[in-house]
Number of protein chains: 2
Amino acid sequence: MAKSVELSSFDNLVANSLTESELEEFNRIYYGRKDHRFVQINKSNIEFAKHNNFDIAAYDFPAQKEETRRPRIVKVGIIQHSIAISTDKPIVEQRQSIFDKIRNIIIAAANEGVNIICLQEAWSMPFAFCTREKQPWCEFAESAIDGPSVQFLKEFSAKYGMVIISPILERDKIHGDTIWNTAVVINEFGEVMGKHRKNHIPRVGDFNESTYYFEGNTGHPVFETKFGKIAINICYGRHHPLNWLMFGVNGAEIVFNPSATVSGLSEHLWSVEARNAAIANSYYTCSINRVGTEKFPNEFTSGDGLPAHKEFGHFYGSSYVTAPDGCRTPGLSRNKDGLLITQLDLNKCRQIKDKWGFTMTQRLDLYAESLKKAVQPEYECQVIKKK
Amino acid sequence: MAKSVELSSFDNLVANSLTESELEEFNRIYYGRKDHRFVQINKSNIEFAKHNNFDIAAYDFPAQKEETRRPRIVKVGIIQHSIAISTDKPIVEQRQSIFDKIRNIIIAAANEGVNIICLQEAWSMPFAFCTREKQPWCEFAESAIDGPSVQFLKEFSAKYGMVIISPILERDKIHGDTIWNTAVVINEFGEVMGKHRKNHIPRVGDFNESTYYFEGNTGHPVFETKFGKIAINICYGRHHPLNWLMFGVNGAEIVFNPSATVSGLSEHLWSVEARNAAIANSYYTCSINRVGTEKFPNEFTSGDGLPAHKEFGHFYGSSYVTAPDGCRTPGLSRNKDGLLITQLDLNKCRQIKDKWGFTMTQRLDLYAESLKKAVQPEYECQVIKKK
């Protein structure tokens with residue numbers, strides 16, 4: 001679905017143009033380390049990925065050795081993908097066509113020994129909220145306990161002993177058939193551990209999501225999995241430092257940010273926000289964006305005075321991972337499906353807290369008090385005026 | 001004082017290596033706009049800067065036209081500089097030598113019609129906290145009301161009708177001769193409006209500042225100046241999203257981040273944190289770093305197991321400005337004094353709040369409640385474990 005005119009990779013643009021010594025300086029300042037620390041990928045897997053038209057890349061984030069703790073090394077796989085068939089096809093066919101391509105990527109991840117997988121936001125459907133049409137799109141909403149996506153993924157979780165995070169459009173039958181934007185966490189036995197609902201909902205550009213669902217009511221849960229303490233900050237929540245903060249306060253070591261965002265709106269923010277969160281909270285962040293341009297059957301406007309059209313903007317992919325010390329991987333492609341594998345030593349989180357001291361110096365008590373005052377309707381800002 | 005081996009500019013590294021169309025894509029994704037929107041600088045001023053060995057650059061951040069508000073255009077000048085003479089010289093001479101170079105840069109700023117100037121952290125002294133020696137360095141501490149720095153700057157404020165922010169080491173005579181890390185705000189009449197004390201103090205690497213002063217006790221004041229509502233987040237406070245947030249809550253339109261930070265420690269974070277704050281809080285941020293390598297009379301260790309030495313690391317300059325929409329200027333040099341001028345339309349802050357809706361969607365009430373619980377000693381993290 002990707003437009004051929006789209007730049008394929010921000011990272012390659014620079015990597016292909018600088019001399020070796022220049023690139024070292026660029027990498028040191030931009031990525032945080034001179035060397036990307038590639039992890040070798042099985043040759044057969046590289047072939048498999050090529051054959052199935054997705055990229056695969058792998059990087060290492062080691063930690064220092066400790067005397068009293070063993071390394072806690074986890075392999076994380078994040079997946080970005082375009083939709084697979086036209087959006088005017090039947091719902092079940094559209095979903096199945098996505099399942100078919102995701103199956104291959106999960107198999108590739110399993111072959112590389114990946115422990116945790118996270119998919120993109122609303123991964124099993126087109127991002128149809130731009131249309132503001134309730135039908136047929138609401139039919140994609142599914143149970144977080146036994147919907148088609150959960151059923152599909154459970155099998156792989158159990159078979160490969162992986163934790164899988166599945167961000168879906170949730171239909172909550174228990175509470176009046178309400179719809180939510182939800183991430184389901186499935187453990188390594190294929191059991192649903194629980195879910196998190198998106199805390200912050202956009203009202204910008206074509207992101208008419210508040211037409212479909214409310215702000216989440218599940219707080220800031222951290223899932224204590226076999227492979228570490230993980231949390232999910234869904235899409236627009238990445239613009240809110242307090243959302244990131246509370247996952248950190250609750251002990252997260254890896255926070256996933258499954259997203260759907262387009263160029264023209266957010267691309268210059270993409271490398272900043274999740275990365276800042278990793279730094280501020282001394283945890284790993286995994287940023288996942290959709291890829292490709294999605295076209296819808298009926299025309300819609302974008303609240304910008306421009307004529308009606310049928311295409312969403314370009315989802316620019318560029319998924320990447322940041323370590324607690326602020327070092328990051330290059331991004332995946334801007335226009336192709338991809339699997340980004342990172343080998344993370346979770347010991348790094350506490351090591352960076354000890355080194356930089358951000359949790360020690362964060363003065364949460366001061367801010368608890370400040371916010372309590374700030375939310376009062378009659379709050380008086382602390383302003384110093386001319387005498 | 002700068003080492004000649006240091007890369008002179010991250011931004012030029014890329015700008016000089018890409019083709020025109022590649023550079024447009026790089027600029028769009030990295031800086032947030034294809035075109036840097038240079039503002040013309042008077043020829044005589046360019047000559048003056050060259051003659052006095054500092055760089056000068058100017059950029060424009062316009063806003064959309066509105067029907068009911070006029071544009072509120074402010075020219076901001078941020079200054080980065082190295083120390084001027086050896087650190088074994090008498091205190092008064094060291095300070096005077098810095099005054100002498102700053103005088104020229106302020107004159108250049110005035111010639112360009114700058115309205116607000118901000119200097120770097122502890123601008124009138126070497127950043128001697130690495131030594132952990134109390135003498136002679138504590139002698140640089142000065143009154144925030146009528147110390148030498150304030151006296152020096154007041155004259156320019158009044159003469160040129162400028163607001164000047166002066167980050168100094170403060171000696172608080174009223175409260176037991178205590179020392180603070182403080183930014184003094186001087187209004188366009190040469191009067192001290194008030195001050196802000198650094199809220200978060202580092203304990204990392206050579207930044208032994210907690211040996212000299214405590215966490216600030218002045219809250220998060222916003223100064224309502226003739227040229228807009230401004231605030232100061234001093235140095236290490238940039239690692240704390242809540243610190244940035246409270247300046248936003250109190251209505252800041254421009255937040256200055258006068259800093260002193262070295263390569264090897266923070267350079268890959270430098271372009272992330274203040275920029276993230278501008279995005280998250282819909283205000284302008286101005287990031288100012290020292291420049292050059294400072295050498296001290298006696299050797300000191302850095303808590304890293306390495307031998308004692310006399311040099312601090314390299315302060316890498318690279319001062320830059322970010323707009324509320326996340327677009328940013330290129331940075332100043334990594335090794336040379338410089339004046340960065342930006343022409344900001346303050347109307348952009350509210351325009352971006354309307355567009356992106358981050359203040360509307362930030363759910364401060366939720367977080368006020370969450371933090372109140374989180375700071376309790378017996379707080380139980382929200383953790384979901386395996387059944």
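Me: How many bridges join S1(A) to strand S14 of chain A, and do the two run parallel or antiparallel?

Reply: Strands of a sheet pair through backbone hydrogen bonds, either parallel or antiparallel. In this predicted model, S1(A) and strand S14 (residues 338-345) of chain A are joined by seven bridges and run parallel. One pair to look for is A:Phe61, whose bridge partner in S14(A) is A:Leu344.

Me: What is the strand order of the open sheet in chain A?

Reply: The order is S1-S14-S2-S3-S4-S5-S6, seven strands with mixed pairing. Strand S1 (55-61) and strand S6 (192-197) of chain A are at the edges; each has a single partner strand, so one side of each lacks a neighbour in the sheet. From one strand to the next the twist averages 25 degrees.

Me: Which helix packs on this sheet, and which strands does that helix touch?

Reply: Helix H5 (residues 148-160) of chain A packs there, touching strand S4 (163-172), strand S5 (178-186) and S6 of chain A. The direction of H5 makes about 165 degrees with that of S4(A).

Me: Which residues is A:Asp55 in contact with, leaving aside its neighbours within four places in sequence?

Reply: The contacts of A:Asp55 are A:Ser333, A:Lys336, A:Asp337, A:Gly338 and A:Leu339. As for another part of the chain, A:Ile105 is 50 residues apart from A:Asp55 in sequence, and their C-alpha atoms are separated by 9.5 Å.

Me: What joins S7(A) to S8(A)?

Reply: A hairpin does, through two residues. Strand S7 (residues 222-225) of chain A runs antiparallel to S8(A), with three bridges between them. Within this pair, A:Glu224 stands opposite A:Lys229 in S8(A). S8(A) is also joined by three bridges to strand S9 (residues 254-258) of chain A, and these two run parallel. There, the bridge partner of A:Ala231 in S9(A) is A:Val255.

Me: Why is strand S8 of chain A described as largely enclosed by the rest of the structure?

Reply: The description follows from burial: four of the five residues of strand S8 (residues 228-232) of chain A are buried, so the strand is largely enclosed.

Me: Which residues of helix H8 of chain A are buried, and what covers them?

Reply: In helix H8 (residues 347-356) of chain A the buried residues are A:Asn347, A:Lys348, A:Cys349, A:Gln351, A:Ile352 and A:Trp356. Their cover includes helix H7 (267-281), strand S10 (284-288) and S14 of chain A, together with helix H7 (267-281) of chain B. After H8(A) comes A:Gly357, with a positive phi near 70 degrees.

Me: How does the radius of gyration of chain A stand against that of a compact globule?

Reply: For 387 residues a compact globule would have a radius of gyration near 21 Å; chain A has 21 Å, so the two agree. Along the principal axes, the C-alpha atoms of chain A fill a box of roughly 65 × 55 × 45 Å. The chain holds nine helices and 15 strands. Of its 387 residues, 64% are buried. Chain A exposes about 14,500 Å², with carbon and sulfur atoms supplying 49% of that area. Taking contacts in chain A between residues at least 6 apart in sequence, 70% join residues at least 24 apart.

Me: What rotation superposes chain A on chain B?

Reply: A rotation of 180 degrees with 0.0 Å of shift along its axis does so, at an RMSD of 0.0 Å. The two copies are therefore related as by a two-fold rotation axis. The same surface serves both copies, since 100% of the contact residues of chain A recur in chain B.

Me: In chain B, how many bridges join strand S2 to strand S14, and in which sense do they run?

Reply: Strand S2 (residues 73-80) and strand S14 (residues 338-345) of chain B are joined by eight bridges and run antiparallel. B:Val74 stands opposite B:Leu344 in S14(B). Both strands belong to an open sheet of seven strands with the order S1-S14-S2-S3-S4-S5-S6 (chain B) and mixed pairing. Strand S1 (55-61) and strand S6 (192-197) of chain B are the edge strands, each pairing on one side only.

Conventions: Residues are numbered from 1 along each chain as its sequence is written. Chains are lettered from A and ligands numbered from 1 in the order in which they are written. This is a predicted model: local features need pLDDT of at least 70, side-chain atom pairs count only at pLDDT 80 or more; totals for chains, interfaces and linings use all residues. Side-chain values use heavy atoms; hydrogens and water are left out. Two strands pair if DSSP finds at least two bridges between them. Axes are lines fitted to C-alpha atoms, for helices over the stretch in contact, and angles run from 0 to 180 degrees between N-to-C directions. Contact means heavy atoms within 4.5 Å. Buried means under 20% relative accessible area, exposed over 50%, partly exposed in between (1.4 Å probe, protein chains only). The radius of gyration is taken over C-alpha atoms; the globule rule is 2.2 Å times the number of residues to the power 0.38. Accessible areas come from the Shrake-Rupley method with a 1.4 Å probe; for residues, only the protein chains shown count as cover. Copies are superposed by least squares on the C-alpha atoms of residues with pLDDT of at least 70 in both.
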